[in-house]
Structure formats: C-alpha cells, structure tokens
Amino acid sequence: MRQIKSYDTKIYTSFERISKGINYDNKLKPYEENFIWEMIYYFQRKEEYEKCQILKSSLSYLDHNKNYTKWTPESQRQMI
C-alpha cells in the first residue's frame, strides 16, 4: 500500500486532479465538500487565491439540484 508523503502533497495532487476536471481520488471516491473547503483554507493561508477560485467553482458539481453534474475547466469558462 502506498502512503502519502505529506499533507502538502495530498493537497497539491488533489488540486491538480480537480483543476483537470477529475472530481474523484485515485480510488474513484468523489472528493467531499468538506475536503474541498479544507483545501480552499489551505491555499488562502498560502495566499494562492487563484487556486481558491478554481476550487470554489468546482463545488458546483456537488449540487443535488444539478444532478451532481461534472465540473470541468471548460464549464467554468462558459459561466464567465
């Protein structure tokens, strides 16, 4: 079993997956809303506000009224 080397690695690898439109981890488990908010607070402390905005936009796929539609970077561009 492979273990994560650090919390920073977990946050950055998860962010990379989400920013590419992959809204689940390597075990195909969707990211939970609480974890995404935890990532947002992490990047706020590091003053990486662009990443915070991407993560906030990705939270829309969790909306039950939208049938958990998949968030992608392209869908964010269409909203602008």
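Me: How many aromatic pairs does the count come to?

Reply: The count comes to seven aromatic pairs. Rings of Phe, Tyr and Trp (its six-membered ring) pair if their centres lie within 6.5 Å; planes under 30 degrees apart count as stacked, over 60 as edge-to-face and the rest as tilted. This is a predicted model, in which local features need pLDDT of at least 70 and side-chain atom pairs count only at pLDDT 80 or more, while totals for chains, interfaces and linings use all residues. Residues are numbered from 1 along each chain as its sequence is written, and side-chain values use heavy atoms, with hydrogens and water left out.

Me: How far apart are the ring centres of Tyr-12 and Tyr-42, and at what angle are the planes?

Reply: The centres are 6.1 Å apart and the planes stand at 85 degrees, so the pair of Tyr-12 and Tyr-42 is edge-to-face. Tyr-12 lies in helix 1 and Tyr-42 in helix 2, so the pair ties together parts that are 30 residues apart in sequence. Helices (H or I, at least four residues) are DSSP runs, as are strands (E, at least two), numbered from the N terminus.

Me: Is Tyr-42 buried or exposed?

Reply: Tyr-42 is buried, with a relative accessible area of 5%, whereas Tyr-12 is partly exposed at 28%. Buried means under 20% relative accessible area, exposed over 50%, and partly exposed in between (1.4 Å probe, protein chains only).

Me: And which residues form the aromatic cluster?

Reply: Tyr-7, Tyr-12, Phe-15, Tyr-42 and Phe-43 form one aromatic cluster. Phe-43 is buried, with a relative accessible area of 0%.

Me: Switching to Glu-48: where is its place?

Reply: Glu-48 sits in the loop between helix 2 (33–45) and helix 3 (49–58). Its side chain makes a polar contact with the side chain of Tyr-12 at 2.9 Å. A polar contact is a pair of N or O atoms within 3.5 Å; within protein, one must be able to donate a hydrogen and the other to accept it, and residues adjacent in sequence count only if both atoms are side-chain atoms.

Me: Which residues does Glu-48 touch, leaving out those up to four places away in sequence?

Reply: Glu-48 touches Tyr-12 and Phe-43. Contact means heavy atoms within 4.5 Å.

Me: Now helix 1. Which residues are buried there?

Reply: Ile-11, Ser-14, Phe-15, Ile-18 and Ser-19 are buried in helix 1. Seen down the helix axis, these residues fall within an arc of 130 degrees, so they line one face of helix 1. The arc is that of the directions from the helix axis to the C-beta atoms.

Me: What follows helix 1?

Reply: Gly-21 follows helix 1, and its phi is positive, near 90 degrees. Helix 2, in turn, is followed by Glu-47, whose phi is positive, near 60 degrees.

Me: Which residues of helix 2 are buried?

Reply: Phe-35, Ile-36, Met-39, Ile-40, Tyr-42 and Phe-43 are buried in helix 2. They cover an arc of only 160 degrees around the axis, which puts them on the same side of helix 2. The face turned away from that buried side carries the exposed residues Asn-34 and Arg-45.

Me: What covers the buried residues of helix 2?

Reply: The cover includes helix 1 and helix 3.

Me: Lastly, how many helices and strands does the protein chain have?

Reply: The protein chain has four helices and zero strands. Of its 80 residues, 31% count as buried.
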